[in-house]
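Welcome! Take a look at the structure below, and then we will walk through a few of its features together.

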Amino acid sequence: PRLAVIVVAAGSGTRLKGGAPKAFVGLDERSILHHCLVGVFAAEPAQVVVVVPRGFEGEALTDARDAAGGRADLVTIVTGGETRQESVSAGLAALWANVETVLVHDAARALTPPAVFDRIVAAIDAGSVAVIPTVPVVDTIKSVDADGRVVAAVDRSELAAAQTPQGFRRDVLEAALRDADADHTDDAAAVASAGHPVATVEGDAVAFKITTAPDLDRARALLSERLS
Ligand code: CTP
Ligand code: MG
């Protein structure tokens, strides 16, 4: 099936405070977006849609050309929205007519290994309509009330942390977002609330989301190890 990857990079990065919208913060001499796109192109997509903040379209195109290795013709840059879900919808609106499978990926998960993309695509090829990478929850989780008191322990064995890229049949994701009545924090939540089963594959610790300054430090350290 013709595969498109929508990279959502339109967030402002308020928790990172990196001096620029998060995707445009440097990991080394290259940006978070550049490193993310190198991983995306390894999945051999037919189209890559990069969703960016207004005013960053040109910079994104430069990063994408750089990461695309001669396949810049596959790249579409679009302007994002106020919320992640709006940015995903903007990306969907730019898909080429022949795309059948869509992966939605956070630019902030810059170091996601190609094997995670491969597992997602394999699950879609095997017939899943929606599939997400997950990792086990390592912390002990508590349910806490408004006064900060522990209400209950939550059984960790039933929990998993969701990552991206999340893979969908295009028609399923389009319908789910069109009909979404709430703002969902990930795409699988919208698809699940539309009544579709969501499968899981193994994620990867290295696919963590760069959210805060220590995350950025960790990504930089991993990258310099990888290169040495
Ligand atoms: N994102 C987006 N459009 C938005 C909000 C988020 O494309 N309106 C993207 C971000 O660029 C990021 C991914 O969604 O790649 C996950 O969001 P998050 O980690 O929350 O990034 P930010 O919203 O930029 O960060 P913060 O919440 O700290 O401001
Ligand atoms: Mg955010």
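Predicted model: local features only at pLDDT ≥ 70, side-chain atom pairs only at ≥ 80, totals over all residues.

Residues are numbered from 1 along each chain as its sequence is written, and chains are lettered from A and ligands numbered from 1 in the order in which they are written.

Here is the helix pair in detail. Helix α3 (residues 84–92) packs against helix α5 (residues 170–178) at about 135 degrees, with the axes 11 Å apart. Q85, V88, S89 and L92 of α3 meet L173, E174 and L177 of α5; contact asks for C-beta atoms, placed from the backbone, within 7 Å.

Now for the ligand. Which residues come nearest to ligand 1? Of the 23 residues around ligand 1, these are V8, A10, G11, T14 and R15, where being near takes a C-beta atom, placed from the backbone, within 6 Å.

The table sorts the ligand shell by residue class.

| Class | Residues around ligand 1 |
|---|---|
| Nonpolar (Ala, Val, Leu, Ile, Met, Phe, Trp, Tyr, Cys and Pro) | eight residues |
| Polar (the others, Gly among them) | nine residues |

Finally, strands β6 (residues 141–144) and β7 (residues 150–154) run antiparallel, joined by four bridges. K142 stands opposite A153 in β7.

Definitions and conventions
Axes fitted to C-alpha atoms, helices over the stretch in contact; angles between N-to-C directions. Helix = DSSP H or I, 4+ residues; strand = E, 2+ residues; numbered from the N terminus. Contact = placed C-beta atoms within 7 Å. Pairing = 2+ DSSP bridges.
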